[in-house]
Amino acid sequence: TAAVGGRVTECKLVLLGDSNVGKSSLVLRFVKNQFSIEQGTTVGAAFLQQVVPLGDSEDKIQFGIWDTAGSERYKALAPMYYRGAEAAIVVYDITSFESFEGAKRWVGELKTHGQPQVVIAFVANKCDLEDYRVVSSQEGKAYAQEQEMAYFETSAKTAHNVWQMFVDLAQLVPRKD
Ligand code: GDP
């Protein structure tokens with residue numbers, strides 16, 4: 001049915017990455033356009049939703065986003081968390097090489113145990129901290145390309161590229177009829 005305002009496709013989205021890379025902050029920026037300097041930012045709910053337009057039509061994607069609920073700290077819980085996710089955002093912090101290595105492990109885990117067709121965005125966050133950068137754009141981009149993932153540089157703090165990243169990811173999600 002061609003409802004007024006277009007069709008809305010629901011999509012389960014998860015954020016993966018080491019602790020402290022800014023996963024909750026990216027969600028908070030995307031859903032509420034807010035930022036908090038506090039660590040372990042709680043978004044107030046375990047589940048949040050946000051609708052984004054698809055460029056080529058009136059259709060939209062409604063992301064249903066599950067908070068990690070600490071699953072990055074309790075790795076055994078992670079599969080429960082990303083089960084059935086059609087889209088994933090794997091995040092690292094450009095000031096932490098360890099988190100970049102961690103992000104690569106998350107990609108590997110997702111590709112072996114996640115949904116076969118999961119769409120992945122590889123996200124270099126905290127790009128406002130350019131002076132403290134230890135992972136170059138080139139390194140991040142090269143790895144993303146090799147793994148056939150979209151690559152983004154974001155800052156949840158300044159909001160740089162956050163909305164755009166979610167919108168671009170939405171375009172990559174297969175649409176159901
Ligand atoms: P999570 O554990 O991956 O969910 O990370 P959080 O969202 O809790 O963020 C961890 C810390 O990094 C918090 O103190 C945030 O305020 C901070 N943070 C998150 N994103 C950014 C960013 O883009 N830039 C800067 N400078 N700090 C950030």
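Helix α1 (residues 23-32) supplies the largest share of the shell around the ligand, three residues; helices here are DSSP runs of H or I with at least four residues, strands are E runs of at least two, and both are numbered from the N terminus. This is a predicted model, so local features need pLDDT of at least 70 and side-chain atom pairs count only at pLDDT 80 or more, while totals for chains, interfaces and linings use all residues. Residues are numbered from 1 along each chain as its sequence is written, and side-chain values use heavy atoms, with hydrogens and water left out.

In total, 23 residues surround the ligand, the closest being Asn 20, Lys 23, Ser 25, Ser 36 and Asp 128. By type, the shell splits into five nonpolar, eleven polar and seven charged residues. The sorting is simple: Ala, Val, Leu, Ile, Met, Phe, Trp, Tyr, Cys and Pro go down as nonpolar, Asp, Glu, Lys and Arg as charged, and the others, Gly among them, as polar.

Some polar contacts can be picked out. The term covers a pair of N or O atoms within 3.5 Å; within protein, one must be able to donate a hydrogen and the other to accept it, and residues adjacent in sequence count only if both atoms are side-chain atoms. On the side-chain side, a polar atom of Asp 128 sits 2.7 Å from a nitrogen atom of the ligand. On the backbone side, a polar atom of Ala 156 is 2.9 Å from a ligand oxygen, and a polar backbone atom of Gly 22 is 3.0 Å from an oxygen atom of the ligand. Taken alone, the ligand exposes 580 Å², and the protein buries 91% of that. Accessible areas come from the Shrake-Rupley method with a 1.4 Å probe, and for residues only the protein chains shown count as cover.

Back to α1: nine of its ten residues are buried, so the helix is largely enclosed by the rest of the structure. Buried here means under 20% relative accessible area, exposed means over 50%, and partly exposed is anything in between (1.4 Å probe, protein chains only). The buried set runs through Lys 23, Ser 24, Ser 25, Leu 26, Val 27, Leu 28, Arg 29, Phe 30 and Val 31. Their cover includes strands β1, β2 (47-53), β3 (60-66), β4 (87-93) and β5 (119-125), along with helix α5. After the helix comes Asn 33, which has a positive phi, near 50°.

Positive phi turns up elsewhere too. Asn 20, in the loop between β1 (8-16) and α1, has phi near 80°, a positive value in a residue other than glycine. Asn 20 is partly exposed, at a relative accessible area of 44%. Ala 159 likewise has a positive phi near 80°; this residue belongs to the loop between β6 (150-153) and α5 (162-172) and is partly exposed, at 28%.

The loop between β6 and α5 also holds Ser 155, which is buried at 1% relative accessibility. A polar atom of the Ser 155 side chain lies 3.2 Å from the backbone nitrogen of Lys 157. Leaving out residues up to four places away in sequence, Ser 155 touches Asn 125, Lys 126, Cys 127, Asp 128, His 160 and Val 162, where contact means heavy atoms within 4.5 Å.

Asp 93, in strand β4, is buried at 8% relative accessible area. Its side chain has a polar atom 2.8 Å from the backbone nitrogen of Thr 95. Beyond its neighbours within four places in sequence, Asp 93 is in contact with Asn 20, Val 21, Ser 99, Asn 125 and Lys 126.

As for cysteines, a search of the whole structure finds zero disulfides, a disulfide being a pair of cysteine sulfur atoms within 2.5 Å. Cys 11 is buried at 2% relative accessibility, and Cys 127 is buried at 14%.

Lys 104 is in helix α3 and is partly exposed at 26% relative accessibility. Its C-alpha atom is 24 Å from that of Phe 30, 74 residues away along the chain. Gln 117, in the loop between α3 (97-113) and β5, is exposed, with a relative accessible area of 66%. Gln 117 and Gln 171 are 54 residues apart in sequence and 14 Å apart in space, C-alpha to C-alpha.

How values were computed: A residue is near a molecule or strand if one of its heavy atoms lies within 4 Å of it.
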